[in-house]
Every structure is written in structure tokens, then in C-alpha cells.
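Here's a quick walk through one protein model, from its strands to its core. Have the viewer open as you read.

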Amino acid sequence: MTASLRSARWCEVPAHPTAEGGGTGWANLGMDIVSVKRVRLLLDDYGEDFFLRMLNPGELDDCRTSSGLDPLSLCGRIAAKEAAFKTLRVQGRLLPWRDIVVRRSDGGWPLVELRRTAAQMAAESGIQDITVSISHDVDYAVAVAAPIIGDPRHQP
């Protein structure tokens, strides 16, 4: 197969999840990595209020420990929002930071809630929900998000 033929086939792949007959299709994964050093610098320079541009107060509370705001947890939330946004495959749209909400479940794993603009983008992409996994180490937090695809004819 020639390079031009491979490129032509690649270009034919749709940006949004699809399946023949309108059923469940393939999904676009999203992934992001966030530097703890960078977030610590932002926290030191601008304080907690800076992060209210990206996180709601409940999300910030989920990142608190007895000694204050935990930069690793904060990085994980930011990475999860970015990863979730990447599953939507929208062009020319800004990440609606506060419309993608990442909270801690009773069991401790992260849950994604899409609101307003993010929920509309997901519906347009045939995405009913997004699941996410977060991992962090000393220097970085990483998140991987996977959309839960549904039949767009059966959107709520």
C-alpha cells in the first residue's frame, strides 16, 4: 500500500464515533499529562483562586488534605478535564473548564459530570458519558478518558 493511499484512508475516518446502522461505534480516547512543578508555580504565584477558573469549589475541596491543597490531586483533576475534552473531538471550541466536573466517588475513583456546553458537545458527538482514570507520581499526573457511546437516536 502506498503512502498516499494510506493517507487517503486515514482522512476518511470520521472525527465522531460512528457505527453502521446507527448503533454503538468506536470511541476516541483522550489523554493528558500535567506537570506538578508547573501547578505548584501557579499555586505559589496566584493562589487557589487562580484554579477557580478551571475547577468549581467542590472539585477544589476534593483536592484538599489536612495540610491544604494537594498539588498532585489538583494536577489529576486538570489532566482529567483535558482528557475528557479530547474525547469530544470538537474543532475550534475552547475547553469549557467548569462544565466538565471531575469529583471523587464514595469509593475514591473519579467521576465525570458533563454540564451545559460540555454536555451539548458530548450529545453532538454521540457521547452519553465519559469515564476517566487518573494516576499521579512525584512529578506528573496523567489521566485517560474514554467516552461511553450510545445511539444518538436515543439521547435523553
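How many bridges join E6 to E7, and in which sense do the two strands run? Nine bridges join them, and the strands run antiparallel.

## Ground rules

This is a predicted model, where local features need pLDDT of at least 70 and side-chain atom pairs count only at pLDDT 80 or more, while totals for chains, interfaces and linings use all residues. Residues are numbered from 1 along each chain as its sequence is written, and side-chain values use heavy atoms, with hydrogens and water left out.

Helices (H or I, at least four residues) and strands (E, at least two) are DSSP runs numbered from the N terminus. Two strands count as paired if DSSP finds at least two bridges between them.

## The three-stranded sheet

E6 and E7 belong to an open sheet of three strands, ordered E1-E7-E6 with antiparallel pairing. Strand E1 (30–35) and E6 sit at the edges with a single partner strand each, so one side of each has no neighbour in the sheet. From one strand to the next, the twist averages 20°.

H2 packs on this sheet and touches E1 and E7; contact here means heavy atoms within 4.5 Å. The direction of H2 makes about 60° with that of E1 (axes are lines fitted to C-alpha atoms, for helices over the stretch in contact, with angles from 0 to 180 degrees between N-to-C directions). Back in the E6/E7 pair, Thr 131 stands opposite Ala 146 in E7.

## The E4/E5 hairpin

E4 and E5 also pair antiparallel, over five bridges, and Val 102 has Val 112 in E5 as its bridge partner. Five residues lie between the strands of this hairpin, and Gly 108 takes a positive phi near 105°.

Ser 105 lies in the loop between strand E4 (100–104) and strand E5 (110–114). Ser 105 counts as buried because its relative accessibility is 10%; the cut-offs are under 20% for buried, over 50% for exposed and partly exposed in between (1.4 Å probe, protein chains only).

## The core

The largest nonpolar core has 35 residues, and Phe 51, Leu 74, Ile 100 and Ile 130 have the most contacts inside it. Such a core is a set of buried Ala, Val, Leu, Ile, Met, Phe, Trp, Tyr and Cys residues joined through side-chain atoms within 4.5 Å. H4 gives the largest share, nine residues.

Leaving out residues up to four places away in sequence, Ile 100 touches Val 112 and Leu 114, among others.
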